[in-house]
Every structure is written in structure tokens, then in C-alpha cells.
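Hi everyone, thanks for coming. Let me put the model up on the screen, and then I'll walk you through a few places in it.

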Amino acid sequence: MTHTQRQIGESVRRNEDARLLTGRALFVDDVRLDGMLHVAFLRSQHAHARLSSVDASAARTRPGVVAVYTASDLGDYWRPGPLLVPPPPIAGLVFNTCTQVPLAKDKLRHVGEPIAMVVAESRYVAEDALDDIVVEAEPLPAVVDLEAALAAGTPRVHDQLPSNLAAHAVQRKGDYARARAQAHTVIARRFRYDRGVSAAIENRAVVAQWDPHAEELTVWDTTQAPIPIRNGLAQLLGLLESQVRVVAPFVGGGFGPKIMMYYPEEVLIPWAAMRLGRPVKWTEDRQENFFATTQERGQIHDAELAVTKDGTILGVRDVFLHDTGAYDPYGLTVPINSQCTLLGPYDIPNYESEFTAVFTNKTIVTPVRGAGRQHGVFVIERLLDFAAKELRIDRAEIRRRNLLRPEQFPFDNQILFQDSAPLTYDSGDYEPALDTALEVIDYKRFVGEEQPRLRAAGRHVGIGVVCYVEGTGIGPYEGARVTVEPSGRVRLATGVGTQGQGHFTVFAQIVAEALGVEVSDVHVITGDTREFHWGTGTFASRGAVVAGSACHAAAARVREKILELASHELEAAQADLVLEGGRVHVRGDPTGGIALGALALKANPLRGAVRPGTEPGLEATAYFGPDRGSTASGVHAMLVEVDPETAQVEIKRYVVVHDCGRVINPMIVEGQIQGGVAHGIGNAFYEQLVYDDEGQLLNASFMDYLLPTATDVPNVETIHRETLSPLNPLGAKGVGEAGAIPTGALFAQAVEDALAGSGLEILEIPLSPTRLFELMERPR
Amino acid sequence: MKPAAFEYFAPATVDQALALLAAHGGEAKPLAGGQSLIPAMNFRLARPRALVDLNRIAELSYIRSAKGGTTIGAMTRQRAVEQSDVVTRGAPLLAEAMPAIAHPQIRNRGTIGGSLAHADPSAELPAVMLALDAAFRARSVTGERTIPASEFFKGMLETALAPDELLVEIGLRPMPDRSGTAFLEVARRHGDYALVGIAVVVTLDGQGRCKAARIALLSVGDGPVLAVEAGKTLTGQVPSAEMVRAAADAAATRDVDPPSDIHASAAYRRRLVAVLTRRALGRAFERAGATQRGRS
């Protein structure tokens, strides 16, 4: 039995695009129901204040207002959200749980925190009524700066805690002190790495409808995790899980913040819909998104690298501060990712990493595409750059000397990853990736000939090359159900939500290859708990790895059923059967055999008997949970030109060599890389959340919060490499976040190189022309 | 982000529009392309009681060439100005600046008069008009007057227009012989408001000396700034790299006192003023036919 139709590995056109491009895809804001009400939230104007009273009486009398709720109106329904990701069992760990609340009571902890909810006949009226609500609050000094947050006498974000310390953790491998003592050189620097909003094209939105006859609640939600949302809402509202249907239809980008649970709006809209007996809708506007949707922000690292004279890494020590915002519902995923990803593709025998997470009066921090990995990559890559300079070793060469060798896998880093499993790299082959990147960008010739020639002509063009790894595809599990319908088309349902990744195509490819059908004949359903209700969600670059493997397993079982039944029907041995073109036939007789649809009918007869020991239909459900995450990797290289007079930077070329294991659809992977790089370039040079000393965000609109546009992002030249993962049957590793991870480190290196000779050291991201100008003017 | 309630009027003639503005006694806002006013209303930063929509007033949309120069109706779309041969021939500086204004979609809707009446100090058109010494024709129910560009811009989002007065036409004089112009800006991204921008008109005399230099800067104050000192440095001189550098230096140190904001510090803006003035003057003199000595 052979696979005659290769689908995996082909750049198959996307099944979902016809619907998306013609405007027929359903997004939550498209949901319009009879009698639907609209919501606006009154949000805190203060970063930190004691809340003494909220008077909504005037708002309640405004024509068109149906209800106004404050914290005191919620009764028992008012409760802090759950701790979503309990921290890993790190010895000596301190973790203070303080999770978000549905509506502020007693205290306001960040600008944009919801205080009251207005439900009205239209969003216009709801927003008008916000002006009618009288809030009395006594402003408190805001905790904004990371270092000041821990200083004695600083006001506390959470009064019940002794300080603003949210967490403290130390992870060690080997003996760093001994490594340091043996070092030829120790490179030590302080680094700052800041990030921003995820800026999905679609903001969050929730619509809820209670059907009193069916006693069923339907919630359309832009969540990345519809099944956990359903389970949580059922528990909160005292309903059976089967009474709650959560639909995450097409979602315009997730990038992490849409997996946060449970946002106040997510908890309150369904509650109000049940209470009022009318459908209720809330769509976040862009201004709200800057305050109310989780972000990633800054870390400050004091890091050092101990190296031998030839550049071999003996050890790394890193002590860092992490801003977790006003609450910490997502546990320690982000700082642990920073801690783990710092190790990169390198053989670092001794490592000591200590972090302190602090509460601040700013929006909650949870993972955003890359999820703290950027910060770690920036620290190790910059340290290697400075070591190379000091030891007079080529930048690419110092990396090569320290790369893990293929025979070292699986490689145990002896610390714990965010999923509580040991940080063990499953497989990798790093040196050829580095060589390929150097070759494609023509590193040797550029550095040796081109760069000096350009410099002589007064042009400042720099090159950068950085490496990274990315822990992807973590558990616990996902599931899928594959059904061959009598039409011959195949239904595939899975629990993960979809935010544009290409699930409708990639999952279809996996199933199509197993069943010998066209990819376009596989109808994929995602994110609807009525269709599939076991699973966790779309995050951590795990869709293809975990859900994809579940699709693979379910398709394999359906294939077995097909072969068994066809063998009986065609009176042929299973080994002689071929599945192709939507039919099963005996090898050598491609025009004979039976169509899959016809076989599906025979598997579900109206009369006669289903043979004992078999199940009706050509259908199977399967689950997949990996032992631990897989490790993707890559090398990014770029050329940039800097105008030293104006501090303007132009990216001339951007090359990515990446390895995400089995590439299921190269076109989709390239799209993920291109999008990730765009995100990374935004992080490096355009996007920054600027808070003032009072904790007010100064650039809460796309006029002042700058996203890179099509003219700012180059076409990425992508080269695929495939080092298969042994942890799943597809050999796949995740790719959703990869492009965004090393960009900051690369940008810093390349810009510094363009200005070589100036003595400029870039120790921070994001940069901007004005900041670069300031750094260039700084006396050295 | 929904606007507060407002009344809406869509007159078909200028007279009707003026009557509506007068009737609302300053509480109505004229709506041109809406590229600034509508977002401000959605943020509820602007809460006009009424909007007088000018988009159906056909008589305000035209580009004409006459002996006395070029005239442009206030409701002419920016895209039409950008694509106009009349403008390219009669006001090359304006033609050069148009593509720097936002993006094509915005220029399709945005109007030349709307941008000028909005008077954003970071916008391109006010500085261009100041460099060109444009004449603005304004009307109200009580009459009509002409306001020179140098008296039109009064400060941050403020103009000489009275609340019931409408900017109806922009007049541009013909360019003298031996003139050259240049427009440059540095923006964070293509299409953004500039961190600093510059519009330059230089005219040479028969001996190749600089007869006049009008240098207008944007994004360096609460309105477009005429770099008078820089202009003086050049007047009567034969353009040279040294002269241009001296003018650039004067512009950066004596003509402007730029603000700091989250996108650019005052020091960085000053640097950009110096660099852009130098580069723009070099280009303008070259276009005017000057033979410059030395590298600028």
C-alpha cells in the first residue's frame, strides 16, 4: 500500500481564502441578532486610585439605556479570574497570584480597567451614557518604572501583598561561578527589551445569546481557546458544559492576547445576555484595545557571558526584572520563556538565571507572538556580538564554535520550560542553517569587499546574522474527528480556534494525503464547541504540531476502516488496495473499485447488519499529546543602511533560514515567517508603548503607535530546512512565532555594524530614529 | 469610539453653506474630506453641534490657470491636485509635496482647503503655501476677503478664519523666471505626518545671485515656520555649499524652536532642520539653474 497523492509538503492554495477574500467569512462583529443590545464600558482614567463610589443612576435613566452594572451589581458573580497557567515546580519559587476582576471594586489598578458596563439599544447611546456615570476615586502614585516598583516605600498595586513582587525564580545548570573563574573574558552588559501590543487587525468581540427554550447559551467570541472558555463559562454561570456553545468563527489575528482568560468582557456579556433575556454584543474599539487587551512589555537584564580566548562559551549569568502589569493570570510563561530561550542553539554548560516579576499599574502582560523569547534571544546574541568584538573573532564564527552538534540531541538543558517539562531540545542541525544564511546573504563577500567599498563612498550599510531556537508545540493535547460523508467529501472537526494560520488547508492536507482525496474536498471545522469539545487552544506555535498530529491519527484510523470495509466489498487483500482520487481500487485497476462516498453509505446501512465488532460510518476521533515541546530553530540575516545624518534606517535585505521540522505547506510557512518578521521589525524600530510617570499611555492610537506597513517591511527571502521532530508522527515543529523572535537582536547588530567605528553599542530595543540619534550623539 | 450626537446639513451651494454656518453661530463645523475631523469626533475630542458637509458643493472644486497664476477651489481633492498638469506646470513645489501627504486613499478623499483650514503644524500643505506666499480667499455671509498665507496660520490648529467664514479658494502666483523649488521631509513611515519637513522656493537674479529664498518648515512649531534668518543669509549671495550650510545652520539655530514629543526630541528635530534645509536648498538652487561650487 503506497501513498499515491503527495499533499504534505506542497504549497496547496488555501481552502479558506475564497470565503475570506470575498467577504463571506463570519467574524464575531458580523453576528447581528434580533433585539440585540450593545455594550460600552466605563474604564478607569487613573493608573492607580482608590475607588470610593460609582454612581450610575443618571446613566440608567438615559433613553435607550437598558441596564448599567457596577461591581456591586454583580453580587456573587463578581470574582477574580482563574490562574490560567500555574508556574512550573521550580525549587524556591515565589509566586503571588493576583488575577483580574470583572469590574473594579475598591481599587483601580491600570488605565482602562473596567468600572461599569452600560447596556443600551445602540453603541452610540451606550457611549453617551458613559458620561453620565459619576466616579469618585482618590488617585494614588502610580507604579510605572520596573526598578522603582521594588524600592522601599513604593505604593503597592495589591494592598494585601508586602511589596510589588509578583514572582521570583532562579534556575541553574552547572556551576556558573566556577565557569566565570576559568574564563579568559567576561562580557557584562545591561539590556532593556520592551515590546508592545499584538495589534491584531480584528479587536476582541463577544456576542452572547440565551435561548430559554433550548436552555442553551451561545457565545461568539474572538478567543483563541473556545473550549476552555466554554468550560469556564458553564462553571461560572452554573450551566452544564453541554448547555454552552462557544463559537470562535474566523478571527482576524490572535497572536496570544486572545487566549487570555477570562477577560472581564468575556465573563460579563454572557451574564448580561442571560439576565436581560436579549442578545448582547460588545466589540472592542481600537482605543480600548490599547488598554484592555493584554500586552507584552519590558524586561531589564543584567547579564554576563564567560568565554575562553577562542570564544567558547563557559557560562552565562542573567538577572532580570519582568513587568507583569497589574495582574498575573498567565503565571510565568513569559519570563520563563525568556529564561529558557536565552540558551539558544548554543552549548552553554553553566547557566544561572534569576528573575523577579513585578506588578505595575499598567495593562496585564501575557504572551504576544514570541512570548518573552525575544528578550532572551536579544541578551545572548548581543553578548556574543560583544564577545566577538573583544576577542577579535568574526560574529558568525563565534556562533558556529558554540552551536550544538547534531549528535548532541536530544539535548537536556537541565532547567524547566514553561510547560513544566524539562527543557530538552528534541532534534536540530544548526550549523548548515548558519552556513546557508551566510551564503545566501553573501556574508563573506559583503564584509570583505562590498562594505568597505560602500563606506568609502560615504554609505553606511551594515550586516547582521543571528541564531535562535524556539520551544514550540507543547501539550497537553488536541483532538480531531474525521468523517467521510456519503457525498465523498470529508469532514474534519478539531477544537482549536483559527486566527488566519491556514488551518483549513494544513489540516486538510494531512487528512487528504491519508485518504487519497483532494485537499479541497476536506471540509475543516474549527473553533465551535458543538462540533468538537475536547481541547485547549491555539497558542505556543502548536496548531500544526499537536492538532495536526491529532488529525493525522484520526485520518489514519478512518483509513483503516476504509481499507477493512473495501477489502470486504472488493474481495481483495488490504495490501492490494489503493486510495486515490476519492476512490478505493485494487492495484492495477484504477477504473474499478468504489468511491469513498459509496463506501461511507455502505458503512452506515439503513437495512441489514453492521458487522459485529465494527462501528457505523467511516469516522474516527483521535487525540494527540506530545511528551514535551519540540524545538524549532533558525538563522536570520539582514542588510541595513543607516543615514547617520538623519538616523533613518532602511532594510535592504532580509534572509531567513528556518527549520520547523516537516513543512506541511511551504507557502503557508513562508507567510508565517513574513508576518512574524513584520511583527519583529515593528518591535525593533516602530512600536513602543510610551507611558508617562502617571501610568498614562501616551500613544493609544495607530496615529502614534506605529505599526510597520507594507513599505517598511522587505520581502523576506525564506529558505526551508527540515530536521524532523521525533516527538510526533508528522515530524513537525511550530512556526507561528518564529519570524518575530530574533528580529530585535538582528536589527541591533546590523545597525551597530552600519555605524561601525563610532563606538556605538545598542543595548536596547525598540529603537527609533530619535533614540538612535540620541545614542549616536552621546559622548563616548 | 462613536461620535456624540450632531446635526447634519448637506448644502449644495456656498451661499447655503455660509448661511448655515452663520445660523449656528460658531457651533457648526464645515466638513470637507473628513480625514481629521471625523477621527476627532469619533474620539469625542471634537463635539460640534452640527456638521455642514461641503462635499456636494460642486462650485468649490476646480483647478484653473490664468495669467495671474493658478487658482484651486478649496474642495478640490488632494489627489486631483496631485494629478493636475496645471499644478505641475504652475506650482511645481505643490506638485512635489502632494505625494508626501498621507496615502492615496486619504488623498482621494482629503481636500486641499480642508487641510489648510485644519492647520495641523505637521501637515505639508500649510508649509508649502507659506513658501509659495499663497493667497487664501475666504467668504462669509457678510462678504469676502483675501488672506495672505503669512497671516492665515495663527497657531496650533488655528487660522485667521472666523467661525462663520469658509475658505473657498487658494491662489498661487506664477513662479518668477530662474526659480527653483524643493520639498523634503523625514517621516517615521511613508505617509506619516513628518517629523520635520521643508518647502523651499529660491529665485536667482541675472548674475546668478540669490534674489529671494522662502524657506518654510513644518512640524517644528505650532504652525508652519518661515525661516527668515536662513533666507536672509542667502539673499544677495551667489549660492555655494558654504552659503547653503550657513543658511541651514541659521534655520536650525535661529529660526526654529522645535518641540519634543514621543516621536522626536527637540535636538533631533533641530538636526533634521539643518540636514533637510541643506539638502532642499541644494536641490532648489540646482533646479533654478545655479552653478554651485563645492559639495553640499
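The strands themselves, β23 (residues 577-580) and β24 (residues 583-586) of chain A, pair in the antiparallel sense over four bridges.

A word on conventions before we go on. This is a predicted model, in which local features need pLDDT of at least 70 and side-chain atom pairs count only at pLDDT 80 or more, while totals for chains, interfaces and linings use all residues. Residues are numbered from 1 along each chain as its sequence is written, and chains are lettered from A and ligands numbered from 1 in the order in which they are written. Helices (H or I, at least four residues) and strands (E, at least two) are DSSP runs, numbered from the N terminus. Two strands pair if DSSP finds at least two bridges between them.

Next, a sheet in chain A. Seven strands form an open, mixed sheet there, in the order β4-β8-β16-β15-β14-β9-β30. β4 (94-95) and β30 (764-765) of chain A stand at the edges with a single partner strand each, so one side of each has no neighbour in the sheet. Phe95(A) has Ala167(A) as its bridge partner in β8(A). Packing on the sheet is helix α9 (residues 373-391) of chain A, which touches β9, β14 (299-307), β15 (313-325) and β30 of chain A. The direction of α9(A) makes about 140° with that of β9(A); axes here are lines fitted to C-alpha atoms, for helices over the stretch in contact, and angles run from 0 to 180 degrees between N-to-C directions.

Now a helix pair, also in chain A. The axes of α16 (residues 666-686) and α17 (residues 743-754) of chain A come within 8 Å and cross at roughly 55°. That makes α16(A) oblique to α17(A), given that angles under 35 degrees count as roughly parallel, over 145 as roughly antiparallel, 65 to 115 as roughly perpendicular and the rest as oblique. Which residues make the contact? From α16(A) come Val677(A), Gly680(A), Ile681(A), Asn683(A), Ala684(A) and Phe685(A), and from α17(A) come Thr743(A), Gly744(A) and Phe747(A). Residues are in contact if their C-beta atoms, placed from the backbone, lie within 7 Å. By class, this contact has five nonpolar, four polar and no charged residues. Ala, Val, Leu, Ile, Met, Phe, Trp, Tyr, Cys and Pro count as nonpolar, Asp, Glu, Lys and Arg as charged, and the others, Gly among them, as polar.

Some backbone details in chain A, then. A cis peptide bond with omega of about -15° joins Met261(A) and Tyr262(A), and Tyr262(A) lies in the loop between β12 (244-247) and α6 (264-276) of chain A. The bond from Gly475(A) to Pro476(A) is cis as well, with omega near 5°. Pro476(A) sits in the loop between β19 (460-472) and β20 (478-484) of chain A. Ala199(A), which is not a glycine, has a positive phi near 55°. Is Ala199(A) buried or exposed? It counts as buried, with 21 C-beta neighbours inside 10 Å; the cut-off for buried is 20 or more other C-beta atoms within 10 Å, 12 or fewer is exposed, and in between is partly exposed, with C-beta atoms placed from the backbone.

Over to chain B. In helix α8 (residues 124-132) of chain B, nine of its nine residues are buried. After α8(B) comes Asp133(B), with a positive phi near 55°. Phe136(B), in strand β6 (residues 135-140) of chain B, is buried, with 25 other C-beta atoms within 10 Å. Its C-alpha atom is separated by 7.8 Å from that of Phe152(B), 16 residues apart along the chain.

Finally, where the chains meet: 15 residues of chain B are in contact with 21 residues of chain A. Helix α12 (residues 266-288) of chain B gives the largest share of the chain B side, four residues. That side has eight nonpolar, three polar and four charged residues.

Note on methods. Two residues are in contact if their C-beta atoms, placed from the backbone, lie within 7 Å.
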